[in-house]
Amino acid sequence: MHHGGTAGETSEQDAAAAKVLLLRRWSDMPRHLQFNPHILTGYRPLMTIRQCLGSLFYIHNETVNILTHGFAILYMLVTVPHLLPWNTKGTLVGILSWCHLIGAVSPWIGSFLYHLFMNVNYDEVFYRTLLKVDMIGIWLCQSFGAIPMMAAAVHCLADNVWYCCIFIYCSLSMWGLLKAMTARSPWERRLCFAPPFLMRMLVMTLRCFGIGGGSPEALIHIILQKNNGY
């Protein structure tokens, strides 16, 4: 009898596991996961955290998002640190190197966590929290990640002006984060990043007209740095 009971329990567990692996249709998903009516099938059902991790090993409609973000994280963590000057030219350069690395990898980490765990069987509040984690990753990219660009763009200004520009930029970035955390639509979230973006464009435009100093030959590197931040 004991063996029979154990076999029955194992069979039920196998059946439950098989049921989890069955992909769902859009209409079967909770309302907060029905955000793309154009993708009709391939949805993972609500799962535990462990089952979400297990979904790394089979195909569903988030597989490409998860794997591409995961590979990007690994690639950047392996390659980017070797390209940065770190403390070879002073403490400030070391800080800017950390800003660059954090800004480069953070949006990929936030999005990886969002796509992997978006269907955890908690509640919509947890899903909204994952959205905020994703948004914080983007914010880190557009704030910390862009500080080296700002620092380079105003590098030749007087020290007090340089610090003032960095302070204003950081203040605008913090304002953007606070607004992004309470935004109710994707467009509202995008607009939260407009002020720091416009400031980056302003300092670049001023430099194009020779205002603020800096070698004209270095301008192309400033532009490339800014484009990498997007």
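User: How many salt bridges does a search of the whole structure find?

Analyst: Side chains of opposite charge can pair when their charged atoms come close. The criterion is a side-chain nitrogen of Lys or Arg within 4 Å of a carboxyl oxygen of Asp or Glu. Here the search finds one salt bridge, and Arg128 and Glu124 form it, at 2.9 Å from N to O. This is a predicted model, in which local features need pLDDT of at least 70 and side-chain atom pairs pLDDT 80 or more, while totals for chains, interfaces and linings use all residues. Residues are numbered from 1 along each chain as its sequence is written, and side-chain values use heavy atoms, without hydrogens and water.

User: How many residues apart are Arg128 and Glu124 in helix α5?

Analyst: They are four residues apart in α5 (residues 124-142), so about one helical turn separates them. Helices are DSSP runs of H or I, at least four residues, numbered from the N terminus.

User: At what angle do α5 and α7 pack?

Analyst: Two packed helices are described by the angle between their axes and the distance between the axes. Axes are lines fitted to C-alpha atoms over the stretch in contact, and angles run from 0 to 180 degrees between N-to-C directions. For α5 and α7 (residues 159-182) the angle is about 165 degrees and the axes are 10 Å apart. That makes the pair roughly antiparallel (an angle over 145 degrees). The contact (heavy atoms within 4.5 Å) includes Trp139 of α5 and Tyr169 of α7.

Notes: Helices (H or I, at least four residues) and strands (E, at least two) are DSSP runs, numbered from the N terminus. Angles under 35 degrees count as roughly parallel, over 145 as roughly antiparallel, 65 to 115 as roughly perpendicular and the rest as oblique.
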